[in-house]
Amino acid sequence: VAAGSWGPRLGQGATAYDNRDNIFQTGLVSDNTISASGGTERTTFFLSAGLLDQRGIVVGPNNEFERYSVRFNGGHQVFNTLRVGVNANYVTSQGAFVQSRNNVGGLLLGAWRTPVDFNNEEYLSATSGLHRSYRFPNPAAGSERTTRRYDNPFFAAYVPRATSDVGRAFGNITAEYIPTSWLRVNYSLGSDFSNDERLESTPLSSSTGATAGQGQVIRASMRNVQIDHNLSATGNYTLTENVRGTVTLGQNLNAQQFRQQAGQGNVLVAAEPYNLGNTSTQQPPSDLRSEVRIESYFGQATVDLFEQLFLTLALRNDGFSTFGANSRRAWFPKGSASWSFLREPGMTNGMLTFGKVRAAYGQSGTSPTAYQTQTVFSSGSFFEGGWGPTLGTQQNGVRGLATSTTLGNPDLGPERVGELEMGFDLGLLRDRADLTLTHYRQKTTDAILQFPLQAAGGYTTQLRNVGELENIGWEAALNLHPLRGQRATWDVGLFWSRNRNKVLSLQGAAQVVLNAPFGTGSFPQAIVREGQPMGIWLSDDFIRCGRGLTVSGVQIDQTSGHCQGAPAGALYLGADGLPLRDQEDQYLLADANPDWQGGVRTNLTWRKFTFGGLLDMRRGGDVWNGTRTALNHFGRTAESARFREGTFTFGETYVPDERVAGPGVGKAVALGEGWFSGLGGVFNGPASFAFEDGSFMKLRELSVGYLWDTQTVRRIGFSNVEFRVAGRNLYTWTDYTGVDPETSVQSAGTSVIRGVDYFNNPQTRSFVFTLSLNR
Amino acid sequence: MKLRLATVAAAALASLTVAACDSYLSGPGIDQDPNNITQLDDPNPLYIGLQTAQATQFEGQLGRIAAMYTQQIAGVARQFQGYDIYGSQPTDVDPYWQGVYIGGGLLDARRIQRLALARGDSTYAGIAKVWEAFIVGMAASFWGDIPYREALQYSETTDPTTIKAKFDPQRQVYADVQAQLDTAILFLSRTGATNVGPSARNAELTYAGRSAAQLRTVYTEVARTLKARYYLHMAEVDPSNYARAAAAARGGISTPANDFNFFHSSETVSNNVHYQFYFNRGDVLPGAAIINLMKSRIKSGLDVNTDRLAFYFYDVDYEGRRTRTRTSATARRRTRTSPAATRTRSRTSTSSRATRTSVSR
């Protein structure tokens with residue numbers, strides 16, 4: 001019997017537990033701010049303080065967030081020619097978090113894989129007091145250091161501690177000096193400092209971590225410092241009454257420093273505390289710092305002709321410390337023109353009250369991450385292909401090294417984006433409507449990608465300036481103002497956008513893997529391939545017609561009784577009535593990029609009331625619903641229950657939307673556990689089977705507000721009081737079968753991958769009550 | 001006052017502009033990596049890395065799949081149910097193919113040889129050559145034709161996209177491996193003050209604690225055993241290889257104490273890779289075929305007691321069921337990556353480091 005077996009059918013009257021929802025509760029967020037401002041003619045100030053307190057949607061004490069913030073802005077006119085300002089902020093926050101997503105110690109992986117007759121709420125055994133989960137239901141005394149395979153989600157919510165304690169101070173000082181009427185000199189010096197102290201702990205008996213069952217503690221401290229210096233001088237000129245403009249010259253220096261120190265201890269001595277001192281073995285500490293410096297000079301000239309035609313020309317020279325020594329500095333030009341053709345009074349008429357056409361072209365550069373120009377020796381651990389086993393480079397008490405798999409690139413330069421943007425803005429129907437339309441064509445050259453190398457050369461990747469990409473898009477917005485009265489106003493806004501993305505060239509590479517969220521195999525990879533949108537999904541598939549495939553020596557496309565006459569893409573059914581997995585090739589079958597996005601926004605004020613609403617829409621954008629196919633594998637879904645017993649026919653009683661061909665057409669087959677834990681499930685079936693259309697329409701927000709400013713309010717010392725109630729994410733219309741098509745997963749590192757649904761925590765619906773007391 | 005401020009501002013602008021220049025963008029920690037070693041003339045750290053990386057390679061997925069195909073173990077959960085019925089995808093072996101060549105594999109085996117020879121250390125170079133032959137011979141056995149003579153041509157100063165290593169015929173690779181082993185034996189025959197090998201810095205993990213002279217002896221034996229193994233791999237295409245194998249084996253590993261075993265300690269990040277997989281992921285169980293075979297041998301009196309069954313499958317009862325999910329015993333963490341080990345094991349292969357993180361799924 002397989003470890004993941006569905007087991008026998010539950011008897012009549014068996015108790016069913018709500019393992020899908022019982023780990024969630026109604027969260028509560030309170031956000032209070034107070035602010036004051038004032039000053040004299042020469043001196044002004046603004047002061048505010050805030051407190052945000054959040055109790056999350058997961059049960060237990062480890063799902064909380066608290067943030068305090070204070071802010072001060074001040075300005076002083078020192079002389080008539082000199083004004084100085086200061087802006088200072090301090091924010092401190094403390095949060096506790098529950099592990100989530102693709103994680104055997106996380107919340108939903110264990111929760112949703114639990115069979116319905118196992119009560120997760122009883123997460124500690126009544127007899128031994130130890131952690132029980134469905135794969136380890138009866139923990140005997142002495143099993144406190146045994147992995148549970150999956151953690152009980154209640155254990156995951158109550159027992160481990162994962163915290164973040166952030167302090168952040170940021171602000172700047174500014175000076176504006178106007179020595180003569182035509183010249184202005186601006187200076188600003190800003191800094192942003194933050195420190196994040198983190199704890200991540202894996203308790204005894206937890207299933208996750210390098211030492212599953214034995215516990216683990218990770219302590220990390222991360223510090224970010226950014227210093228920004230900006231100096232610019234702007235001169236105004238007036239050649240004639242109708243020809244004037246500005247000339248600006250400036251310099252910008254920027255430094256971003258990052259520092260991380262982290263320690264990991266394995267094998268807890270006692271169950272608590274979660275402290276490195278309570279661990280038996282410690283990994284060599286991680287000690288990382290990086291600094292990225294940017295040095296730019298820029299100049300810009302503007303011309304204003306007849307107050308109708310505005311021209312801007314700019315040129316900047318940027319230097320990045322992350323580029324190779326030979327390509328350290330680069331030039332980026334920019335230019336724009338706009339013509340307000342209805343600026344002259346008298347030219348307006350009822351239909352058209354305002355008109356502007358605009359066009360702009362600009363180039364900008366993107367820098368790679370630090371230190372990619374050198375090949376290094378790595379002291380990182382050796383992972384066994386992604387299956388979990390790991391050997392540290394410290395063995396027998398001595399530390400080892402291995403040449404990094406990434407070949408340094410001393411010629412690395414900027415990724416350059418050139419964008420041409422054109423459009424117009426119109427005021428229509430005596431300003432009862434305005435319309436904006438923008439078209440852009442963006443071309444990226446020298447795109448920085450992890451270029452795959454032939455492993456036989458000694459390295460697997462190199463960060464290179466390869467690739468040309470193109471983004472072509474349209475954006476349109478129409479705002480209507482049907483009511484513009486004293487007592488009532490009503491606005492309706494419609495917006496729509498679409499973007500088409502295409503990879504034009506990859507310098508000969510077949511493809512570059514952008515993201516493989518769960519490694520390879522039965523899981524899809526987001527790739528870059530010539531002629532395709534960036535990040536299109538590459539996945540395994542079943543044998544299908546029209547691909548020139550051969551099955552057991554039969555060229556199926558040319559053979560009658562197989563695919564001959566069948567439409568391309570038809571699912572090929574073998575003689576046993578079941579599809580076959582294509583073990584040779586992978587296909588581009590899904591794309592997370594939407595066809596278009598749009599929405600409707602409306603706002604109505606009537607006397608003291610305001611009503612608002614926002615509806616969001618997305619058309620297209622495929623989502624890989626691995627949650628569904630994983631739960632099918634474990635037999636936890638209505639789908640797996642329905643096809644558990646009996647026989648079904650592909651293309652008819654099972655997956656009726658699939659067109660089918662081949663010798664097995666019309667043959668009834670048993671599905672059940674064999675199918676869902678095999679080709680029909682997430683682990684051993686092709687990834688293509690889990691793609692779904694992610695189109696949706698979402699009622700994003702509805703709100704109602706009331707402004708109370710009667711005599712009574714003034715008598716108690718306020719000028720007015722505002723009440724507002726809003727509901728967010730109220731309803732979603734979609735054919736998507738998962739929790740929410742708007743989902744994404746965080747991969748290793750920081751990149752967020754759209755359209756991957758794998759036990760992600762759901763989006764929340766919220767109701768917001770606001771009370772503002774204004775004096 | 002007005003004039004003075006203007007002068008100060010101008011002076012500030014001028015000084016910042018001058019101070020900036022290119023020195024702002026370069027220097028240690030700015031355009032030079034402050035976190036990693038970029039220069040190395042000591043082969044010892046690389047040798048530790050090489051042995052460890054090859055332990056993940058030889059004890060990992062390729063071995064598991066081979067063991068499933070020969071029914072020594074059975075895949076019973078998640079992806080391993082698929083592998084158990086011969087499901088495989090082109091990308092499944094990518095990390096292990098890469099592990100043959102990248103850092104921790106052939107690349108570092110060669111670098112160790114270069115660094116060692118620069119120090120006049122033939123012992124070290126000879127040992128690294130034995131490892132090179134071990135890695136490459138396994139790859140030829142597993143994949144057939146592989147790049148070897150044109151391998152490892154990338155460098156920072158050449159454009160890697162213009163370089164493509166040719167795949168060499170399997171027979172040629174085996175012949176080259178035999179030649180490498182002959183050179184290794186020659187290197188290991190040299191004595192002298194500079195031939196210190198890895199023992200001085202405790203970098204030898206397989207034969208930890210042995211002196212340079214002892215390592216020369218034992219690695220010469222390993223080289224001969226490897227020669228015998230690789231002659232046997234080619235024996236069916238050229239039967240004269242049987243005699244060569246027999247001749248080489250006579251000078252091969254002479255005593256069980258000299259077995260080429262990677263030593264795993266009980267420290268968690270040193271545990272045997274198969275052990276880690278078995279106890280932490282647990283998607284495989286002992287295969288029925290081998291248990292039945294062993295039981296039949298006990299029954300028919302070929303094996304006198306059940307010790308071997310218990311040794312192979314220590315938490316599995318006589319029927320092949322798992323009796324305990326985990327014990328703290330460390331006894332069986334010493335695994336064989338030995339050339340003298342079974343055929344399945346000898347055919348296993350490499351590891352990936354890169355940015356791969358462990359995956360729950």
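This is a predicted model: local features need pLDDT of at least 70, side-chain atom pairs count only at pLDDT 80 or more; totals for chains, interfaces and linings use all residues.
Local features require pLDDT of at least 70 and side-chain atom pairs count only at pLDDT 80 or more, whereas totals for chains, interfaces and linings use all residues; side-chain values use heavy atoms, with hydrogens and water left out. Residues are numbered from 1 along each chain as its sequence is written, and chains are lettered from A in the order in which they are written.

A salt bridge is defined as a side-chain nitrogen of Lys or Arg within 4 Å of a carboxyl oxygen of Asp or Glu. Under this criterion, 37 salt bridges are counted over all chains. In chain A, A:Asp616, A:Lys698, A:Arg700, A:Asp740 and A:Glu742 belong to a network of such contacts.

Also in chain A, A:Arg132 and A:Glu122 form a salt bridge with an N to O distance of 3.8 Å. Both residues lie in the loop between helix H1 (107-113) and helix H2 (153-158), so the pair ties together parts that are 10 residues apart in sequence; helices are DSSP runs (H or I, at least four residues), numbered from the N terminus. A:Arg132 is buried, at 12% relative accessible area, while A:Glu122 is partly exposed, at 40% (buried, under 20%; exposed, over 50%; partly exposed, in between; 1.4 Å probe, protein chains only).

In chain B, the closest N and O atoms of B:Asp182 and B:Lys227 are 2.7 Å apart in a salt bridge. This pair links helix H8 (residues 170-188), which holds B:Asp182, to helix H9 (residues 212-233), which holds B:Lys227, across 45 residues. B:Asp182 is partly exposed at 42%, and B:Lys227 is buried at 8%.

Key: Helices (H or I, at least four residues) and strands (E, at least two) are DSSP runs, numbered from the N terminus.
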